[in-house]
Amino acid sequence: MKLTENFTLEELTVTSTGLKNVPGTNEIVALQRLTLNVLQPVREMFGNPIRINSGYRSVSVNKAVGGSETSSHCKGEAADLSCDDNAELFRLLRDNFKFDQLIWEGGDDNQPAWVHVSFKVAGNRHQVLKMRNGKYEFMS
Ligand SMILES: [Zn+2]
């Protein structure tokens, strides 16, 4: 099912765990919101393909990948992204979009290993974080 020009529901529910990963109606609506408001417009701004490493996660998938218990992935509000320039993608998101949390995940000071972004229906906090050695810290 196509959500927008460049993104499908299948891409946003992908899992390498082999476990069942089927979103409910609320989670699909949240994935559509994330895609319409963030993923598709940043894809157009970036101009190159963006890969979804993980979008929606069922509780069992989330447990299997060691996600936090309150993970926004379980609500369909988050996606982990990678592309040929993760740092540039991170900057585009930080400087042009509304989001709840944007996380520079792993990697080094030049390139994150991947980028996590989440978007909620209301109360988006625009938090910019860095995850290093399993710990989250605010980036100024
Ligand atoms: Zn994530």
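E105 stands opposite M131 in β7. Strands here, like helices, are DSSP runs numbered from the N terminus (strands E, at least two residues; helices H or I, at least four). β5 and β7 pair in the parallel sense, over five bridges. Two strands count as paired if DSSP finds at least two bridges between them. The model is predicted: local features need pLDDT of at least 70, side-chain atom pairs count only at pLDDT 80 or more, and totals for chains, interfaces and linings use all residues. Residues are numbered from 1 along each chain as its sequence is written.

The chain has three helices and eight strands. From the N terminus on, the order of elements is β-β-α-β-α-β-α-β-β-β-β. The radius of gyration is 14 Å, close to the 14 Å that the globule rule gives for 140 residues, so the chain is as compact as a globular protein of that length. This radius is taken over C-alpha atoms, and the rule is 2.2 Å times the number of residues to the power 0.38. Along the principal axes, the C-alpha atoms fill a box of roughly 35 × 35 × 30 Å. Of the 140 residues, 33% count as buried. A residue is buried if 20 or more other C-beta atoms lie within 10 Å of its own, exposed if 12 or fewer, and partly exposed in between, with C-beta atoms placed from the backbone. Among contacts between residues at least 6 apart in sequence, 66% join residues at least 24 apart. A contact requires C-beta atoms, placed from the backbone, within 7 Å.

Six strands form an open sheet in the order β3-β4-β6-β5-β7-β8, with mixed pairing. β3 (51–54) and β8 (135–138) stand at the edges, each with a single partner strand, so one side of each lacks a neighbour in the sheet. From one strand to the next, the twist averages 30°. Angles run from 0 to 180 degrees between N-to-C directions; axes are lines fitted to C-alpha atoms, for helices over the stretch in contact.

β3 and β4 run antiparallel and are joined by three bridges. In this pair, I52 stands opposite L81 of β4. β4 also pairs with β6, in the antiparallel sense, over four bridges. There A78 stands opposite S118 of β6. Five bridges join β5 to β6, again antiparallel. I103 faces H116 of β6 across this pairing, and W104 has V115 as its bridge partner in β6.

Both β5 and β6 are mostly covered. In β6, five of five residues are buried. W114, H116 and S118 point one way from the strand, while V115 and V117 point the other way. In β5, four of five residues are buried.

The largest nonpolar core holds 25 residues, of which L93, V115 and V117 touch the most other members. Such a core is a set of buried Ala, Val, Leu, Ile, Met, Phe, Trp, Tyr and Cys residues joined through C-beta atoms within 7 Å. At least two core residues come from each of α1 (25–46), β4 (78–82), α3 (86–96), β5 (101–105) and β6 (114–118). α1 supplies the largest share, six residues. Leaving aside neighbours within four places in sequence, V115 is in contact with L81, N86, L89, F90, L93, W104 and E105.

In α3, the buried residues are N86, L89, F90 and L93. They cover an arc of only 100° around the axis, which puts them on the same side of α3. This arc is that of the directions from the helix axis to the C-beta atoms. The buried residues of α3 pack against α1, β4, β5 and β6. On the face turned away from this buried side, α3 carries the exposed residues R91, D95 and N96. As a whole, α3 packs on the sheet and touches β4, β5, β6 and β7. The direction of α3 makes about 20° with that of β6.

K120 is found in the loop between β6 and β7 (127–132). K120 is partly exposed, with 18 other C-beta atoms within 10 Å. Leaving aside neighbours within four places in sequence, K120 is in contact with E77 and D100. The C-alpha atoms of K120 and Q101 are separated by 9.6 Å, and these two residues lie 19 apart along the chain.

Terms used
Contact = placed C-beta atoms within 7 Å.
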